[in-house]
Amino acid sequence: MTANATKQDLELVSVTKRYGDALAVDAINHHFKHASYTCLLGPSGCGKSSTLRMIAGHESVSDGSILLAGRDISHLPPARRGTAMMFQSYALFPHLTVLDNVAFSQKMAGIDAPTRRKKAAEMLELVDLGALSDRLPDQLSGGQQQRVALARALITRPQVLLLDEPLSALDPFLRIRMRAELKKLQRELGISFIHVTHGQDEALALADEVVVMNNALIEQAGPAREVFNAPKTAFVARFMGGHNVLALPDGHFAIRADALDLGAAGQGRQDATVTGIEYQGTHVSIAAKIAGDQEVIVMMPDARFFDNPTNPGETVGLIWEDTHLHRLTA
Ligand code: ADP
Ligand code: MG
């Protein structure tokens, strides 16, 4: 990384948010690398939006500080931070054209009409909406409205774009298409995106770095593949999905469901009783119970399962390699 890139990083230093007596964000520290795509992932109520709104300046910081490019922005107004936020509901002005919606913040900043219209037109080209600049918001589809909201956020040329559940209002098909567009846009612009989501699939698909939050704290942060493959806590293992949490004699471990295999009874590491079989197309999901009444899920490629199928009620041997176990902290 160049010295310049490092200087443009966003840092949270012991950032805390209290609403009255309630602690929504508890002294979190994080370093968001410049020009990276980060997903803040966690269940509803864990403090994701509060964190994002504090970065944007739409919510005050109760304690701690936020630094962008080494500058303390904690107490600056939103427009002077170098950040911009795209909201969950796009909040477009219904009586303004697409172009005027995008140009609106520039108008408020006192920029003359020809200049702001030109900038707005450039932003609309960027999101492939150049042809629709004279329409009103209600003449656009959900996906198009979202792109207007994106253009509106980007017109201020932020170093960091903040997105709060930007895809949640879209149908599943459009959601997958739009997330690819977000990722492409982030790469083209070379700025940082911080994207809040409660969907682990969305986070894995998009993020260079995943920051998992739980109960006002950052539970784990790292490259998407690392967080998925090596969850540090039972919460992260369960929330990311695709894992089993096993209580073994020497501790608690996570192991991917597709790293487990089945063999004949007595031939594996432990015997297990099959409790359910689900065909899932490319894979078959086999639920089984092991000692201590623990349920495990084994994900097997479909061909492997049907070469030697098992049935509920049968005893099988559960097979794994220790290298696939990840020790969990309390
Ligand atoms: P998330 O975005 O992860 O769902 P939020 O940051 O919105 O979580 O909320 C974190 C916690 O703070 C929740 O318990 C929520 O009820 C509370 N909270 C959020 N906003 C406010 C507010 N304006 N006043 C009081 N409590 C709030
Ligand atoms: Mg939220």
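**Figure 1. The C-alpha centres of domain 1 and domain 2 lie 40 Å apart.** Domain 1 covers residues 10-229 and domain 2 covers residues 244-327; bounds of this kind come from an automatic or database domain assignment. What you're looking at is a predicted model, in which local features need a pLDDT of at least 70 and side-chain atom pairs count only at pLDDT 80 or more, while totals for chains, interfaces and linings use all residues. As for bookkeeping, residues are numbered from 1 along each chain as its sequence is written, chains are lettered from A and ligands numbered from 1 in the order in which they are written, and side-chain values use heavy atoms, with hydrogens and water left out. Taken along the principal axes, the C-alpha atoms of the protein fill a box of roughly 80 × 45 × 40 Å. The protein has 10 helices and 18 strands, which are DSSP runs numbered from the N terminus (helices: H or I, at least four residues; strands: E, at least two). Of the 330 residues in the protein, 47% are buried; here buried means under 20% relative accessible area, exposed means over 50%, and partly exposed is anything in between (1.4 Å probe, protein chains only).

**Figure 2. Ligand 1 in its shell of residues, with helix α2 giving the most.** Around ligand 1 sit Tyr19, Ala24, Pro43, Ser44, Gly45, Cys46, Gly47, Lys48, Ser49, Ser50 and Arg53; a residue gets in if one of its heavy atoms lies within 4 Å of the molecule. Helix α2 (residues 48-56) supplies 4 residues to this shell. Sorted by class, the shell has 4 nonpolar, 5 polar and 2 charged residues. For that sorting, Ala, Val, Leu, Ile, Met, Phe, Trp, Tyr, Cys and Pro count as nonpolar, Asp, Glu, Lys and Arg as charged, and the others, Gly among them, as polar.

**Figure 3. Backbone atoms of glycine 45, cysteine 46 and glycine 47 next to oxygen atoms of ligand 1.** Here the cut-off for a polar contact is a pair of N or O atoms within 3.5 Å; within protein, one must be able to donate a hydrogen and the other to accept it, and residues adjacent in sequence count only if both atoms are side-chain atoms. A backbone N or O atom of glycine 45 is 2.6 Å from an oxygen atom of ligand 1. For cysteine 46, the distance from a backbone N or O atom to a ligand 1 oxygen is 3.2 Å, and for glycine 47 it's 3.1 Å. On its own, ligand 1 exposes 560 Å², and the protein buries 56% of that. Accessible areas come from the Shrake-Rupley method with a 1.4 Å probe; for residues, only the protein chains shown count as cover.

**Figure 4. Strand β4 with its antiparallel partners β1 and β5.** Two strands pair if DSSP finds at least two bridges between them. Strand β1 (residues 10-19) is joined to β4 (residues 63-68) by 5 bridges, and valine 13 stands opposite serine 65 in β4. β4 also pairs with β5 (residues 71-72), over 2 bridges, where leucine 68 has arginine 71 as its bridge partner. β4 and β5 make a hairpin with 2 residues between them. One turn residue, alanine 69, has a positive phi of about 50°, although it is not a glycine. Alanine 69 is partly exposed, with a relative accessible area of 36%.

**Figure 5. An open sheet of 3 strands in the order β11-β12-β18.** The pairing in this sheet is antiparallel. Strands β11 (243-248) and β18 (326-327) are the edges, each pairing on one side only. 6 bridges join β11 to β12 (residues 251-256), and a hairpin links β11 to β12 through 2 residues. Look for leucine 246 with its bridge partner phenylalanine 253 in β12, and for alanine 247 opposite histidine 252. β11 is mostly covered, with 5 of its 6 residues buried.

**Figure 6. Two loop residues, alanine 216 and valine 127.** Alanine 216 sits in the loop between β9 (209-214) and β10 (217-223). It's not a glycine, yet alanine 216 has a positive phi of about 75°. With 4% relative accessibility, alanine 216 counts as buried. Valine 127 is in the loop between α4 (113-126) and α5 (142-154), and it also counts as buried at 4% relative accessibility. The C-alpha atoms of valine 127 and alanine 151 are separated by 6.6 Å, though these residues are 24 residues apart along the chain.
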